[in-house]
Amino acid sequence: MATLTRTIDPVCDMEVDPETAIAVEYEGTKYYFCELVCAETFRDEPKRWAPPEHQHPA
Ligand SMILES: [Zn+2]
């Protein structure tokens, strides 16, 4: 059964598998990254990369 929850690496927009991705916690939310470079990019400037908490698409 394919019950894997996929998530998006906010830095490079790639779909990642939380089981194998690199997790970074920021303001109580966990973000997942395809590789260390993306995680470090996020850590440098989390405000730039973290998606807005309350997103209301038009
Ligand atoms: Zn990435």
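Colleague: Which residues are the protein donors of the zinc ion?
Modeller: This is a predicted model. In it the zinc ion has Asp-9 (OD), Cys-12 (SG), Cys-34 (SG) and Cys-38 (SG) as its protein donors, at 2.0 to 2.3 Å.

Colleague: How are the donor residues spaced in sequence?
Modeller: The spacing is D-x2-C-x21-C-x3-C.

Colleague: And Cys-38, buried or exposed?
Modeller: Cys-38 is buried, since its relative accessible area is 6% and the cut-off for buried is under 20%. Cys-34 has 31% and is therefore partly exposed.

Colleague: How do E3 and E4 pair?
Modeller: They are antiparallel, with five bridges. Ile-22 has Phe-33 in E4 as its bridge partner, and Ala-23 is opposite Tyr-32, also in E4.

Colleague: What about the hairpin, which residue there takes a positive phi?
Modeller: Glu-27, with phi near 50 degrees; the hairpin of E3 and E4 has two residues between the strands.

Colleague: Which residues form the largest nonpolar core?
Modeller: There are ten: Val-11, Val-24, Tyr-26, Tyr-31, Phe-33, Cys-38, Ala-39, Phe-42, Trp-49 and Ala-50. Strand E3 (22-26), strand E4 (29-33) and helix H1 (36-44) are the elements that each give two or more of them. H1 has the largest share, with three residues. Cys-38 is in this core and is also a zinc donor.

Colleague: Where does Val-11 lie?
Modeller: Val-11 is in the loop between strand E1 (7-8) and strand E2 (15-16). Val-11 counts as buried because its relative accessible area is 19%, and the limit is under 20%.

Colleague: What is Val-11 in contact with, leaving aside neighbours within four places in sequence?
Modeller: Phe-33, Cys-38, Thr-41, Phe-42 and Trp-49.

Colleague: And Tyr-31, what does that one touch?
Modeller: Not counting residues up to four places away in sequence, Tyr-31 touches Pro-10, Ile-22, Ala-23, Val-24, Tyr-26, Phe-42, Ala-50 and Pro-51.

Colleague: Now Arg-48. Which helix is that in?
Modeller: Arg-48 belongs to helix H2 (residues 46-49). Its relative accessibility is 56%, so Arg-48 counts as exposed. From Arg-48 to Pro-10 the C-alpha distance is 9.8 Å, although they are 38 residues apart in sequence.

Colleague: Last topic, totals. What share of the residues counts as buried?
Modeller: 29% of the 58 residues. The protein exposes about 4700 Å², of which carbon and sulfur atoms supply 49%.

Colleague: And what share of the contacts is between residues 24 or more positions apart?
Modeller: 21%, taken over the contacts with a separation of 6 or more.

Notes
Residues numbered from 1 in each chain as written. Predicted model: local features only at pLDDT ≥ 70, side-chain atom pairs only at ≥ 80, totals over all residues. Heavy atoms only, no water. Helix = DSSP H or I, 4+ residues; strand = E, 2+ residues; numbered from the N terminus. Buried < 20%, exposed > 50% of the residue type's maximum accessible area, 1.4 Å probe, protein only. Contact = heavy atoms within 4.5 Å. Core = buried A, V, L, I, M, F, W, Y, C linked by side-chain atoms within 4.5 Å. Pairing = 2+ DSSP bridges. Donors = N, O, S within 2.8 Å, 3.2 Å for Na, K, Ca; no water. Areas by Shrake-Rupley, 256 points an atom, 1.4 Å probe, with all protein chains shown as cover.
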